[in-house]
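Open the model in your viewer and keep the selection panel at hand. The tour goes strand by strand, then turns to the rings.

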Amino acid sequence: MGTYYYEVVSIDGDYANLKRIDIDSAELKLVARALLPEDTTEGTRLKYEMLQYEIC
């Protein structure tokens, strides 16, 4: 399991669209907001490691 970096592109209700920023990718990942840190807003950068998201 590696380390991945994302930016929150948009938030729609209980879900957030994340874009990977450590590689060139246009794909968005839909993630339940319950899995993200409480202070997550649009534009927040996240680190995903060991099955957890944290603000970086």
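Colour the chain by secondary structure. From the N terminus on, the elements run β-β-β-β-β. The count is zero helices and five strands. Helices (H or I, at least four residues) and strands (E, at least two) are DSSP runs, numbered from the N terminus. This is a predicted model: local features need pLDDT of at least 70, side-chain atom pairs count only at pLDDT 80 or more, and totals for chains, interfaces and linings use all residues. Residues are numbered from 1 along each chain as its sequence is written, and side-chain values use heavy atoms, with hydrogens and water left out.

**Stop 1: the whole chain**

Zoom out. Along its principal axes the C-alpha trace spans about 25 × 25 × 15 Å. For 56 residues, a compact globule would have a radius of gyration near 10 Å, and the protein agrees with its 10 Å. That radius is taken over C-alpha atoms, and the globule rule is 2.2 Å times the number of residues to the power 0.38.

Now show the surface. Of the 56 residues, 23% count as buried. Buried means under 20% relative accessible area, exposed over 50%, and partly exposed in between (1.4 Å probe, protein chains only).

Switch to contacts (heavy atoms within 4.5 Å). Among those with a separation of 6 or more, 32% come from residues 24 or more positions apart.

**Stop 2: β1 and β2**

Select residues 4-12 for β1 and residues 15-20 for β2. The two strands pair in the antiparallel sense over six bridges. Pairing here requires that DSSP finds at least two bridges between the strands. Pick Glu7: its bridge partner in β2 is Lys19. Then pick Asp12, whose partner in β2 is Tyr15.

Move to the turn. β1 and β2 form a hairpin with two residues between them. Gly13, in that turn, has a positive phi of about 65 degrees.

**Stop 3**

Asn17 has Leu30 as its bridge partner in β3.

**Stop 4: back to β1, then β4**

Select residues 45-49, strand β4. This strand pairs with β1 in the antiparallel sense, over four bridges. Which residue of β4 is the bridge partner of Glu7? It is Arg45. Select Tyr6 as well: its bridge partner in β4 is Leu46.

**Stop 5**

Continue to β5, residues 52-55. Four bridges join β4 to β5, again antiparallel. Glu49 stands opposite Gln52 in β5. The hairpin of β4 and β5 has two residues between the strands.

Stay in that loop. Met50 lies there, with a positive phi of about 55 degrees although it is not a glycine. Leu51 is also found in the loop. Its phi is near 65 degrees, a positive value in a residue other than glycine. Buried or exposed: what is the state of Met50? Met50 is exposed, with a relative accessible area of 63%. Leu51 is exposed too, at 62%.

**Stop 5: the rings**

The structure holds three aromatic pairs. Tyr48 and Tyr53 have ring centres 4.6 Å apart and planes at 45 degrees, so the pair is tilted. Rings of Phe, Tyr and Trp (its six-membered ring) pair if their centres lie within 6.5 Å; planes under 30 degrees apart count as stacked, over 60 as edge-to-face and the rest as tilted. Both Tyr48 and Tyr53 are buried.

Ring pairs link Tyr4, Tyr6, Tyr48 and Tyr53 into a cluster.

Finish with Lys29. Its charged end sits over the ring of Tyr48, 4.9 Å from the ring centre. The criterion is NZ of Lys or CZ of Arg within 6 Å of the ring centre and within 35 degrees of the ring normal.
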